[in-house]
Amino acid sequence: MKREEALAIVRKQLKEQRYIHTVGVMETAIELAKIYGADIQKAELAAIFHDYAKFRTKEEMKRIIIEQQMPQDLLAYSPELWHAPVGAYLVQTEVGIQDEDILQAIRYHTSGRPNMTLLEKIVYIADYIEPNRSFPGVDEVRALAREHLDVALFRALQNTIQFLMDKREPIYPDTFHTYNDIAQKLK
Ligand code: DGI
Ligand code: FE
Ligand code: FE
Ligand code: FE
């Protein structure tokens, strides 16, 4: 699928600001794919569709998580986590993208997972550092991302977990598992 067609499809699913974010993730993911030798076309499409399900209702996302037998523990955690696995499912069934590498990058873009692929890491980091993002620590991760992807990933997870803990938010186990996985690999 060509970039313009993909962007036109996703634009209909998103509000203006979220679409602008998506274009930023796309550009950043392509840049990182070039640096680290990932498949540029896959990085582009995964980034374009990563937030496809962001504006679906909680009811629809919950129904899909149950019917499609996704990990049911998702339902005990923040609905903010749901658009990632639900997005992978809808991008496959509504848009017709069948490439598993792309679908996995969408599926794990919010929590991460142990043993992330290069493409998954690129989409996760691009989502975190795209130019429209502004939060404490983002510039540090922006710089790290061009030098060492795993160090950048570790810092992003560290920041995310700290941010959630400061808000007294429950933390999804996969988020911790991803943190532990990278921490052990960086030792
Ligand atoms: O969809 P985006 O806003 O572009 O970014 P995202 O998909 O990476 O994250 C969406 C939200 O999910 C973000 O506000 C932080 C939240 N989140 C990520 N990991 C966890 C989490 N929320 C909880 N409660 N637990 C997590 O482990
Ligand atoms: Fe997201
Ligand atoms: Fe993210
Ligand atoms: Fe996003």
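**Entry 1: ground rules**

I am working with a predicted model, where local features need pLDDT of at least 70, side-chain atom pairs count only at pLDDT 80 or more, and totals for chains, interfaces and linings use all residues. Residues are numbered from 1 along each chain as its sequence is written, chains are lettered from A and ligands numbered from 1 in the order in which they are written, and side-chain values use heavy atoms, with hydrogens and water left out.

**Entry 2: iron ion (ligand 2)**

I looked up which residues hold the iron ion (ligand 2). D51 (OD), H83 (NE2) and H109 (NE2) coordinate this ion at 2.1 to 2.2 Å. Donors here are N, O and S atoms within 2.8 Å of the metal (3.2 Å for Na, K and Ca); water is not among the atoms, so sites may look incomplete. Along the sequence, I read the spacing of these donor residues as D-x31-H-x25-H. H83 is in helix α5 (residues 83–95) and H109 in the loop between α6 (100–107) and α7 (118–129); this pair, 26 residues apart, links distant parts of the chain. For helices I take DSSP runs (H or I, at least four residues), and for strands likewise (E, at least two), numbered from the N terminus.

H83 and H109 are both buried. Buried means under 20% relative accessible area, exposed over 50%, and partly exposed in between (1.4 Å probe, protein chains only).

**Entry 3: iron ion (ligand 4)**

I listed the protein donors of the iron ion (ligand 4): H21 (NE2), H50 (NE2), D51 (OD) and D127 (OD), at 2.1 to 2.2 Å from the ion. Their spacing along the chain is H-x28-H-D-x75-D. D51 sits in the loop between α3 (40–49) and α4 (58–67) and D127 in helix α7, so this pair ties together parts 76 residues apart in sequence.

**Entry 4: ligand 1**

Where does ligand 1 sit? I find ligand 1 in the largest pocket. On a 1 Å grid over the protein atoms alone, a pocket is an open set of points with protein on both sides within 12 Å along at least five of seven lines. A molecule sits in one if more than half of its atoms lie within 2 Å of its grid points.

There are 18 residues around ligand 1, and R18, K54, T110, R133 and T175 come nearest. A residue is counted as near if one of its heavy atoms lies within 4 Å.

Polar side-chain atoms of K54 and R18 lie 2.7 Å and 2.8 Å, respectively, from an oxygen atom of ligand 1. For D51, a polar side-chain atom is 3.2 Å from an oxygen atom of ligand 1. Taken alone, ligand 1 exposes 580 Å², and the protein buries 85% of that. Accessible areas come from the Shrake-Rupley method with a 1.4 Å probe; for residues, only the protein chains shown count as cover.

I125 is placed in helix α7. With a relative accessible area of 0%, I125 is buried. I noted 8.7 Å between the C-alpha atoms of I125 and R142, which are 17 residues apart along the chain.

Y128 is in helix α7 too, and counts as buried at 10% relative accessibility. Y128 and A84 are 44 residues apart in sequence, and their C-alpha atoms are 14 Å apart in space.

In the loop between α6 and α7 I looked up G112. Is G112 buried or exposed? At 0% relative accessibility, G112 counts as buried.

**Entry 5: positive phi**

N115 is not a glycine, yet has a positive phi of about 55°. N115 lies in the loop between α6 and α7 and counts as exposed at 53% relative accessibility.

R168, not a glycine either, has a positive phi of about 55°. I found R168 in the loop between α9 (149–166) and α10 (173–186), where R168 counts as exposed at 79% relative accessibility.

Conventions: A polar contact is a pair of N or O atoms within 3.5 Å; within protein, one must be able to donate a hydrogen and the other to accept it, and residues adjacent in sequence count only if both atoms are side-chain atoms. On a 1 Å grid over the protein atoms alone, a cavity is a set of points where a 1.4 Å probe fits but cannot get out, and a pocket is an open set with protein on both sides within 12 Å along at least five of seven lines; lining residues have an atom within 4 Å of a point.
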